[in-house]
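Student: I would like to learn how to read salt bridges and helix packing in a model. Please take me through the case shown here.

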Amino acid sequence: MASYSFSDIERKWQRHWSDEKLFRAVDDFTRPKFYVLDMFPYPSGTGLHVGHPLGYVASDIVSRFKRMCGFNVLHPMGFDSFGLPTERQAMKENVHPANITARNIDTFREQLDLVGFDYDWSRTVTTSKPEYYKWTQWIFLLIYNSWYDHEAQRARPIAELPIPNDITDPQEVETYRDGHRLTFVSSSPVNWCEELGTVLANEEVDEWKEKGYTVERRPMRQWMMRITAYAERLIKELDLVEWPSSTIDMQRHWIGRSEGAEIRFDVVGSNFHITVFTTRPDTLTGATYMVLAPEHPLVPHIVTHEHEAAVLSYKEVASFKSDLERTELAKVKTGVFTGAYAVNPATNEHIPIWIADYVLAHYGTGAIMAVPAHDERDHEFATTFGLPIVEVEDVGPTAITRTISWLVERGIGRGTVQYRLRDWLFARQRYWGEPIPIMFFDDGTKRALDLDELPLTLPEVKEFKPSGTGESPLAAVDAWMNFTDAKTGKHARLETNTMPQWAGSCWYYLRYIDPQNDDVFVDPEKMRYWLGENGVDLYIGGGEHSVLHLLYARFWHKILFDYGLVSSPEPFKRLFHQGMLQGTDGRKMSKSLGNTVTPDEVVSEHGADALRMYLMFLGPLEASKPWSSKGLEGIGRYLNRVWRLIATDDGALSPTVQNTPCTGEQDFVLHTTIAKIREDIDKLSFNTAVAQLMIFVNEFTQASVRPVSAMSAFVQCLAPFAPHLAEELWSVLGNKHSVFLSTFPTADPSKMVRDEVEIVIQINSKIRGKLVISSSADAAATEAAAKADATIAAMIEGKEIRRAVVVPGKLVNFIL
């Protein structure tokens with residue numbers, strides 16, 4: 001049998017969609033809307049492999065289906081194009097990052113178009129383009145010029161921050177405001193990678209260490225965002241979304257809400273004290289030693305001379321360990337005694353103060369009271385170093401309440417809530433990132449740029465490698481570091497750090513709504529229409545972004561919500577993570593492993609529709625699954641059967657397709673298929689939907705006459721999955737307009753009940769025959785029909801039927 005010409009058909013319909021602007025979203029506020037979003041890609045030099053379109057095909061199916069159901073659909077695509085990978089590639093090739101980015105985007109765009117997605121390319125955004133990052137900078141300044149009002153539970157303009165009466169000096173006022181801004185400068189220990197020449201977020205350390213890079217803790221000046229102010233809302237408002245339970249659990253764990261108490265321990269022989277947070281204040285009498293994080297700022301002040309060398313040595317070793325390495329439960333506990341002691345306020349005993357890397361400076365207060373009888377890690381540490389272990393008898397909720405009251409009465413503690421979440425380290429020592437729109441003056445003051453000064457664009461540079469001094473390459477640009485501010489007349493310099501890659505991806509879903517607007521970041525009316533009260537209707541992307549991207553995007557969105565700039569409290573109503581596609585060797589597809597397959601080669605050999613259908617048929621969308629060329633060939637054979645169901649080899653309408661009504665059985669198969677496809681697309685159960693499409697073809701291939709009505713409805717059901725083939729067959733059936741301008745068929749429940757049903761007849765529990773009877777036959781009629789069957793009658797003749805097991809519509813079993 002000849003194969004249909006998928007290459008010609010796919011090129012033909014892709015051109016048609018583009019020429020007709022078929023998938024361009026229109027701001028028609030009178031229609032019901034549906035906003036389906038993909039996590040946009042980072043355009044790397046390696047291009048896409050077939051694992052990347054897995055989620056994209058899923059969102060495309062939903063998008064096309066919703067269009068056919070009458071929704072006004074927004075399905076955009078863009079590129080997350082600032083960041084370290086492009087900068088590293090640019091250094092390697094000695095090509096400017098902007099040129100690398102443009103080249104990579106062209107490659108990605110070509111590959112995406114090959115697969116036939118219904119993206120509205122008129123709304124595309126690229127985070128590294130000035131017209132986009134102008135508004136990233138504007139949002140940064142909105143956050144910078146805000147403080148969090150804990151009473152009102154919202155962000156407010158910094159100008160509305162109440163200033164204490166005793167602060168009157170303008171510089172002191174500004175310093176006070178800086179201490180409350182949601183974006184601020186801090187000098188604190190950070191993860192520094194010398195080879196990359198930049199700071200890494202805690203969450204990025206393990207990834208780069210796995211690639212062979214060395215990361216150490218080093219105190220540096222950094223921009224931070226006060227995401228901790230939103231910790232409670234970030235936890236509570238997870239109740240508003242329809243996300244995978246595992247993702248919600250990961251976010252809750254990352255934010256890490258804990259109820260307990262802060263307790264003050266005085267350091268013996270000094271004016272210093274150590275504050276600890278504990279969820280078990282009722283075990284205070286069992287605290288036999290204290291442990292500080294090696295980076296705790298108090299360590300240099302309390303360490304005794306005889307222990308100083310050991311402490312410094314231990315701190316240096318700890319600085320090269322990631323948080324994961326430091327907190328691994330299975331690792332052997334290490335630590336060093338500082339020589340100092342603290343007073344246990346419940347027992348008045350002097351307890352030793354140690355440092356150990358299993359305590360993190362950025363979690364809690366960076367210090368713990370160790371209760372080895374009631375904590376596994378403390379017990380292991382105490383056992384290792386021979387420290388006392390004292391069991392506390394009076395423990396539990398009642399004892400916790402009593403202990404907190406006792407602490408408050410004596411002024412040495414209070415009940416409180418702590419979060420594992422730390423403030424967001426929002427600066428990178430790189431060139432290829434959004435410039436931070438703040439300038440600094442020689443007198444120590446600074447000025448945020450105004451909207452009419454945005455975007456602050458990156459200067460043209462010949463050298464964009466790390467400076468080697470801890471500053472970004474921008475520090476070597478004279479025009480950046482030495483100029484006169486036009487608005488104040490002061491000598492000024494600009495911030496040399498740039499924003500992290502996460503910045504642009506925090507809000508890109510909003511810019512898709514109004515990407516060409518140069519007056520505001522998004523038109524309010526368009527925003528209210530496309531977001532509504534719940535946010536993006538469906539967001540599909542990888543589970544590797546379960547914490548960082550989603551957490552940061554939620555944070556920014558809530559600030560915008562506080563100012564009335566977005567209409568929904570959460571950015572993404574429904575979230576779904578596609579699984580990972582593995583190579584034929586069972587490992588994750590990766591160029592470094594040599595097991596990737598590109599969409600280009602698959603589309604060339606088998607067609608885009610075959611790739612799309614195969615990716616969906618492999619298994620549940622959320623599951624990891626291996627790639628198989630044999631399975632792909634099977635899908636290709638199926639699509640050829642679809643073609644022959646309706647068309648001749650030369651593309652004409654098959655003579656078997658006639659304008660006749662469906663038989664009862666054909667109606668059953670058709671309407672069952674329509675109902676199944678509708679249900680499965682809504683559930684994102686695409687593998688079972690494809691299986692139902694296969695059942696339809698199997699059933700109708702056997703028919704000598706195939707009703708036009710059934711073939712038309714089938715093509716509409718197929719269209720979201722194999723859009724090119726569906727368009728061609730829709731045309732063959734005599735339709736003048738795109739199948740995606742038609743209305744998706746609706747199942748008739750009355751036709752999903754068979755008039756007749758095939759039952760199995762067993763004798764002594766072994767199948768001996770089958771029989772077609774009325775689907776309404778009761779048990780007595782079913783048994784009688786089975787006995788009347790000639791074959792069965794001969795088998796039971798002259799024998800005693802001891803018992804007849806009858807399941808109407810299913811089977812009869814005669815026990816002889």
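Student: How many salt bridges does the count come to?

Tutor: This is a predicted model. A salt bridge here needs a side-chain nitrogen of Lys or Arg within 4 Å of a carboxyl oxygen of Asp or Glu, and by this rule there are 51.

Student: Which residue forms a salt bridge with Asp-118?

Tutor: Arg-67 does, with the closest N and O atoms 2.9 Å apart. Asp-118 sits in the loop between α4 and α5, while Arg-67 belongs to helix α2, so the pair links distant parts of the chain, 51 residues apart. Asp-118 is buried, at 0% relative accessible area, and Arg-67 is buried as well, at 13%.

Student: Are Asp-443 and Lys-490, which also meet in a salt bridge, buried or partly exposed?

Tutor: Asp-443 is partly exposed at 49% relative accessibility, and Lys-490 is partly exposed at 32%. Their N to O distance is 3.1 Å.

Student: Which residues are linked in a network of salt bridges?

Tutor: Arg-233, Glu-237, Arg-554, Lys-558, Asp-562 and Glu-570 are.

Student: Now the helices. What describes two packed helices?

Tutor: The angle between their axes and the distance between the axes. In this model, the axes of α22 (residues 629-646) and α25 (residues 708-718) come within 11 Å and cross at roughly 150°. That makes the two helices roughly antiparallel, and their crossing is left-handed.

Student: Which residues meet there?

Tutor: Tyr-638, Val-642, Leu-645 and Ile-646 in α22 meet Met-711, Phe-714, Val-715 and Leu-718 in α25. By class, this contact has 8 nonpolar residues, no polar and no charged ones.

Notes. Residues are numbered from 1 along each chain as its sequence is written. This is a predicted model: local features need pLDDT of at least 70, side-chain atom pairs count only at pLDDT 80 or more; totals for chains, interfaces and linings use all residues. Side-chain values use heavy atoms; hydrogens and water are left out. Axes are lines fitted to C-alpha atoms, for helices over the stretch in contact, and angles run from 0 to 180 degrees between N-to-C directions. Helices (H or I, at least four residues) and strands (E, at least two) are DSSP runs, numbered from the N terminus. Angles under 35 degrees count as roughly parallel, over 145 as roughly antiparallel, 65 to 115 as roughly perpendicular and the rest as oblique. A crossing is left-handed if the near helix is turned anticlockwise from the far one by less than a right angle, and right-handed if clockwise. Contact means heavy atoms within 4.5 Å. Ala, Val, Leu, Ile, Met, Phe, Trp, Tyr, Cys and Pro count as nonpolar, Asp, Glu, Lys and Arg as charged, and the others, Gly among them, as polar. Buried means under 20% relative accessible area, exposed over 50%, partly exposed in between (1.4 Å probe, protein chains only).
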